[in-house]
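Hi,

Here is the structure I said I'd pass on to you.

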Amino acid sequence: MNPRLLDLGDGALTLEFGDRIDADLNARVIAARDALAAMLLDGISDLVPTWRSLTVHFDPLRIDRNALSAQLLQAAQAMPQESALATRWRIPVSFGGESGPDLAQVAQATGRSEADVVDAICATELRVFLIGFLPGFPYLGELPAWMHLPRRSTPRTAVPANSLAIAGAQAAIYPWQSPGGWHLLGQTPVRLFDVSDAARPALLAPGDSVRFTAVDPHEFRRLATAVAAGECGRDDWLAP
Amino acid sequence: MIEVVDCPLPASFQDAGRPGYRHLGVPLSGALDPEWLAIANALVGNPPHTVALEMRLLGPKLRAREPVTIALAGEFSARIEDAAGQSHPAANWRSHTLAAGDVLAVGSLRSGIGYLAVHGGFDLPAVLGSRSTYARAGLGGIDGRALRAGDSLKVGAPQGLPAVAGATGIPLHLPHAPVLFAGPLRVIPGPQRDHFTDAAWQQFIGAEFTVSREADRMGLRLDGPRLTHARGADIVSDGVTPGAIQVPGDGRPIVLLADCQTVGGYPKIATVIGADLPRLGHALPGQVLRFAAVTQAEALAARRDAAHVLATTLAAIAAPGPALDLDALYSANLIDGVIDAN
């Protein structure tokens with residue numbers, strides 16, 4: 001499928017690379033985002049990469065739509081760079097118990113032990129496909145096929161902040177308390193969104209990779225206390 | 001300082017919102033009607049995007065702890081009661097100076113939304129470049145939440161023009177209240193027009209829809225004909241924007257507004273043009289909406305017209321005092337308030 005442009009009203013254009021969840025498509029989206037950002041065009045307010053498309057929000061009184069369309073199609077030709085610049089993260093998670101009330105159910109539904117589920121998710125290098133839904137909310141993929149489950153039939157009205165959740169091929173961490181229908185496996189002490197860091201408020205970015213590491217509830221509380229006190233932050237979660 | 005005596009319905013602080021952070025999942029937010037926000041601010045001498053209080057249906061009751069000049073943009077039934085208990089109506093579309101101890105009862109609102117601006121603006125911290133309240137993530141406003149009784153609102157230092165015309169002491173006023181255009185909401189088809197049958201499209205642009213009770217700053221769910229998908233009701237999420245009309249599996253359209261999420265997984269049959277977003281923001285439950293398709297050229301012309309009308313309106317407010325530069329207002333692009341990211 002060749003990239004195509006879709007109208008999102010008169011103040012936004014969507015450059016669509018495909019219609020499915022695919023790491024190669026996502027890498028092309030990010031490459032196009034980088035190419036367009038490098039053009040330093042006046043009148044653009046937001047460049048929003050998604051799973052499979054790039055949405056450009058602009059002011060049509062300041063930038064000509066046809067000229068922008070041509071530049072977008074040019075940017076679409078950009079080839080993904082080697083992921084040397086993407087950041088690799090190690091995110092500690094306390095699995096099961098109060099932190100992950102759905103772990104037992106996920107184990108039962110997949111016919112594995114709880115330890116197998118935890119080991120498998122921690123052994124998987126997950127790609128950050130996009131940030132959306134809530135500020136700093138990362139959509140991660142893809143999980144091993146046997147772990148793919150439909151969403152809960154009844155969504156929770158309040159998923160606790162910092163919950164690690166899965167549905168289908170995807171995993172995510174809720175930076176804020178929110179309604180949600182995904183299966184909750186654990187909780188992380190890591191802060192995913194910090195408004196006091198206005199230059200980089202979101203910890204994760206599309207194209208980054210994430211591995212989870214299991215910590216016990218005691219270590220979880222120690223880390224959460226350290227995060228709250230400002231004693232550990234962004235650099236502590238980088239992969240060695 | 002202004003004290004909130006009573007606040008029966010949610011009210012939020014809004015300015016031009018948070019452009020430049022949507023790639024991080026941060027909604028745009030900002031005033032549903034940036035034109036009326038600009039008018040409210042102009043009436044107290046503030047720059048157009050200064051943070052003001054946005055209200056629906058019913059406004060709060062506020063007590064001035066020190067002299068303060070305010071203005072109401074909207075069809076309110078406001079009254080001012082002084083410390084001696086004397087009360088008089090407070091006209092809309094003009095500035096009023098409250099003495100210490102005066103109580104402003106903003107009252108009920110006949111327009112869908114309205115704004116209260118204060119000379120100098122509300123002194124609130126900017127979060128990611130904006131003071132707009134986004135309660136779902138606790139951003140902006142007062143600790144990221146809706147206004148409530150007992151809050152104390154600090155007034156900022158004046159940055160714009162005086163709130164009265166020169167040394168005359170005459171309050172600034174708008175000679176004629178702005179009129180909201182009543183025709184169909186103009187839309188650009190897509191981005192997923194091809195996910196719907198032609199019959200569904202004809203229904204969409206031919207039928208009347210009613211705003212349901214599920215209506216807030218994130219969006220309006222509409223009642224009316226169910227729109228039939230041609231290719232299923234789920235897409236792999238892509239970008240959305242205020243004005244986008246997404247149609248979930250039940251066929252009932254949802255028109256997205258300022259606090260909408262940044263991406264969405266339902267097909268979008270059409271998107272309301274920028275020039276019509278302000279009046280869309282006034283829609284209340286029970287209101288009938290119609291849609292009409294336009295071209296990009298028509299949408300652009302409508303934006304230019306709207307910018308010109310607003311500049312003329314703002315210039316009329318300032319008329320008693322020093323003349324404003326119309327061209328400068330026009331080129332300042334008051335409609336979107338979009339700033340460059342990076």
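**Two helices in chain A**

Start with helix H3 (residues 103-110) and helix H4 (residues 114-123) of chain A: their axes come within 8 Å and cross at roughly 95°. Axes here are lines fitted to C-alpha atoms, for helices over the stretch in contact, with angles running from 0 to 180 degrees between N-to-C directions. On the H3(A) side the contact is made by Leu103(A), Ala104(A), Val106(A), Ala107(A) and Thr110(A), and on the H4(A) side by Glu114(A), Val117(A) and Val118(A); contact means heavy atoms within 4.5 Å. Sorted by type, the residues of this contact are six nonpolar, one polar and one charged. Nonpolar covers Ala, Val, Leu, Ile, Met, Phe, Trp, Tyr, Cys and Pro, charged covers Asp, Glu, Lys and Arg, and the others, Gly among them, are polar. Helices (H or I, at least four residues) and strands (E, at least two) are DSSP runs, numbered from the N terminus.

**Before you go on**

This is a predicted model, in which local features need pLDDT of at least 70 and side-chain atom pairs count only at pLDDT 80 or more, while totals for chains, interfaces and linings use all residues. Residues are numbered from 1 along each chain as its sequence is written, chains are lettered from A and ligands numbered from 1 in the order in which they are written, and side-chain values use heavy atoms, with hydrogens and water left out.

**Where chains A and B meet**

How many residues of chain A are in contact with chain B? There are 44, and they touch 47 residues of chain B. Between them the two chains bury about 3,600 Å², 57% of it on carbon and sulfur atoms (buried area is the accessible area, with a 1.4 Å probe, that two parts lose on being put together, summed over both). In chain A, Leu8(A), Asp10(A) and Leu61(A) lose the most area to chain B, together 17% of what that side buries.

The rule finds four salt bridges across this interface, a salt bridge being a side-chain nitrogen of Lys or Arg within 4 Å of a carboxyl oxygen of Asp or Glu. Asp46(A) and Arg22(B) pair up in a salt bridge at 3.1 Å, N to O. Strands E1 (4-7), E3 (44-49), E4 (53-58) and E6 (126-131) of chain A each supply at least two residues of the side that touches chain B. The largest share, six residues, comes from E3(A). By type, that side of chain A has 21 nonpolar, twelve polar and eleven charged residues.

**Other things to look up**

Over all chains, the search finds 30 salt bridges. Asp102(A) forms a salt bridge with Arg156(A), with the closest N and O atoms 2.8 Å apart. Asp102(A) sits in the loop between strand E5 (88-95) and H3 of chain A and Arg156(A) in strand E8 (residues 156-159) of chain A, so the pair ties together parts 54 residues apart in sequence.

The peptide bond from Gly141(A) to Glu142(A) is cis, with omega near -10°. A cis peptide bond also joins Gly190(B) and Pro191(B), with omega about 15°.

Cheers
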